[in-house]
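I set out below what I looked up in this structure, entry by entry.

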Amino acid sequence: MKNAILLVWGFIGTFNKLQAQQLAQLESPDKSISLQVFLSAAGEIKYEIQRSGVNVIQPSALGVMMKGHDFTQALKLLKTSKPVRITENYQTRNAKKSSILYQANQLVMSFANGEEKKMDLIFRLSNDGAAFRYYFPWINDHETIVKELSSFAFDKNTSAWLQPMSEAKTGWQQCHPSYEEHYLQDIPAGTPSPLKSGWVYPALFKTNDTWVLITEAALDGTYCGTRLINDPASPVYSIGFADPREVFTGGGYLPKNNKPWFTPWRIITIGSLKTIAESTLGTDLAPAALVKDASFVKPGKASWSWINSKDDSITFSEQKKYIDYACDMHWQYCLIDADWDTKIGYEKVAELSAYAKQKNVGLLLWYNSAGDWNTIAYHPKDKLLTKEGREKEFSRLQAMGIKGVKIDFFGGDGQSMIQYYIDILNDAAKYKLLVNFHGATLPRGWQKTYPHLMTAEAIYGMEMVTFDQQAADKQANHCAMLPFTRNAFDPMDFTPMNLTGLTSSNCTRKTSPAFELALSVLFLSGIQHYAQGPEGMLQVPDDVKALLRKLPENWDDVKFLEGYPGKYAVFARRSGNRWYIAGINGDKTEKKIDLDMALFRKSKATLFTDGKKSELFSKTILNTTKQKKLDLLLNANSGFVMVLE
């Protein structure tokens, strides 16, 4: 530890023409990442981060402005704590790995403002990145944060892969923002957002040969969900707050608290693209699970009629067919979508639930979250707006044997709306209901704290491919972005895997069957809702159906093999003793993939690729004790799945 962390005092150069004093330096356990903290002559805090001695984050501002209390200038250092090693082991069934070890070096610096009020800055450095947050120990009455100065300054030659934040109260039936835009890829840092509301997390950057992924965690009901905003004149990104319109009815959008206050973690994952792809920092910094009895939390796969036949499919007979389909595929769940309360009715849904139970299938039911923040008429609606309403409805669902709820059309990231999400999660846990948020914010590690949060949409997903040919045209490229951004830390309900074509859409799918099959392994979701319908599954070869019946519900480990954001992605995931390798080509040209079979120490590999002529798939059995290397040539919009055992 003595060599791991250094505290250095002295004077350095200038920041914005102000002489600055270096207060402290912190190193990661393996010394690959270092952080310096400075204080300007005006009492402004700045920090910078290096990887292997090269600046990754240039000198960047820190500080918080409260209503009536300024923690952005005229600050003085009170003390710097002795560094400590933070270690946490935790288990999860809804992430890249089932057993995760987090280790980091932590440093706490205490500052006082002109009122002599205290602000702690907590820094952590792990081998895969950095994190920081603020703590205000003196709060005992209502306080409001009006601005957070935290920023991330990059070199002017940095490139970025970013999803624009949509403007509040726009989109279909005023349903935005819902994190459903295409990514701008390989753009110069500092490019203005085309929607003028900033950029969503996770935000990906490449500076020199280092990749950086920025997000947040430990978001509780005291804070709003944030986004990145930038000045187009420079490659500096700052924390931006929610739009004032992104609120629960009668609630506020700014962070507020009346007791000692930890703000959310600002997370900066740093390293190679492999580091980004395999990192778990987004859950490492989230609080431990609050649900005492999580025995009801069972990940799985689900059938879902709406993606194929939309609103017309919400009938008793059609849902019974999809229950039978889930049973035949050995899938654990069937989702019944909007308007089930009138098109089928509670009593008949209870009957379906009993029928599904006999088939070892659990039912999930759709709800409209909405109060007055949108005009969407789908229902059940307004039943979850109060604690009394949630208790009544969730108790009824539990008595009906329902396993979970899909709740849609939230109204943004304001503090009161974030509290609404958390209230739903707390009440759902009481009645042992799994949760899927749609038309929603990014989970930001909530799935660790609330393990019954199985998934969330927050992505331009497969349903948009059924609505818009442009979305279908871009799907391959879009999917090749997601393992490095949206799905890097948090479960994502993209509703993937359409093997045989869109059954009730005027859009033409541009991806191949093997590309779609690969998404079942590549994408992470606690419950994976598949777009493939039962009629199309009749065309699928038995060996592919056998693969889908045996596909694991959760993963034990991950390896990044090859890829580049938006171009292609090849990942290996382990469940027990089996490894599953999935690859997709999102580029417009063919891609050569070189697989090192010896890496996995298995004797047999079963490879699924696109079939020839009228065949959907081609299957090849490989003896990997003899064939140590495998070269694959993927056409544009194509993919593959391999099982090693």
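**Aromatic rings**

I searched the whole structure for aromatic pairs and found 40. A pair here means rings of Phe, Tyr and Trp (its six-membered ring) with centres within 6.5 Å; planes under 30 degrees apart count as stacked, over 60 as edge-to-face and the rest as tilted. I looked up F71 and W138, which are stacked, at 6.2 Å centre to centre and 25° between the planes. This pair links distant parts of the chain, 67 residues apart: F71 belongs to strand β7 (residues 69-71), and W138 to the loop between β12 (129-136) and β13 (143-148).

I note that the model is predicted: local features need pLDDT of at least 70 and side-chain atom pairs count only at pLDDT 80 or more, while totals for chains, interfaces and linings use all residues. Residues are numbered from 1 along each chain as its sequence is written, and side-chain values use heavy atoms, with hydrogens and water left out.

The criterion is NZ of Lys or CZ of Arg within 6 Å of the ring centre and within 35 degrees of the ring normal. I found K310 placed likewise over the ring of W306, with its charged end 5.0 Å from the centre. I also recorded one aromatic cluster, formed by F248, W373, F410, Y420, Y421, F437 and W446.

**Sheet containing β7**

I traced β7 into an open sheet of four strands, ordered β7-β6-β13-β21 with antiparallel pairing. Strands (E, at least two residues) and helices (H or I, at least four) are DSSP runs numbered from the N terminus, and two strands pair if DSSP finds at least two bridges between them. The edges are β7 and β21 (256-257), each pairing on one side only. Between β13 and β21 I counted two bridges, and E143 stands opposite N257 in β21.

**Seven-stranded sheet**

I then followed a parallel open sheet of seven strands, in the order β29-β28-β27-β26-β25-β24-β30. Its edge strands are β29 (453-456) and β30 (527-529). From one strand to the next the twist averages 25°. Helix α8 (residues 415-430) packs on this sheet and touches β27 (404-408), β28 (434-437) and β29; its direction makes about 160° with that of β28. Axes are lines fitted to C-alpha atoms, for helices over the stretch in contact, and angles run from 0 to 180 degrees between N-to-C directions. Strands β25 (residues 333-336) and β26 (residues 362-368) are joined by four bridges, and I336 stands opposite L365 in β26.

**S395**

I located S395 in helix α7 (residues 387-400). S395 is partly exposed, at a relative accessible area of 34%. Beyond its neighbours within four places in sequence, S395 is in contact (heavy atoms within 4.5 Å) with R390 and Y431.

**Overall form**

I counted 14 helices and 38 strands in the protein. The radius of gyration is 25 Å, close to the 26 Å that the globule rule gives for 645 residues, so the protein is as compact as a globular protein of that length. The radius is taken over C-alpha atoms, and the rule is 2.2 Å times the number of residues to the power 0.38. Buried residues make up 63% of the 645.

Technical notes
Buried means under 20% relative accessible area, exposed over 50%, partly exposed in between (1.4 Å probe, protein chains only).
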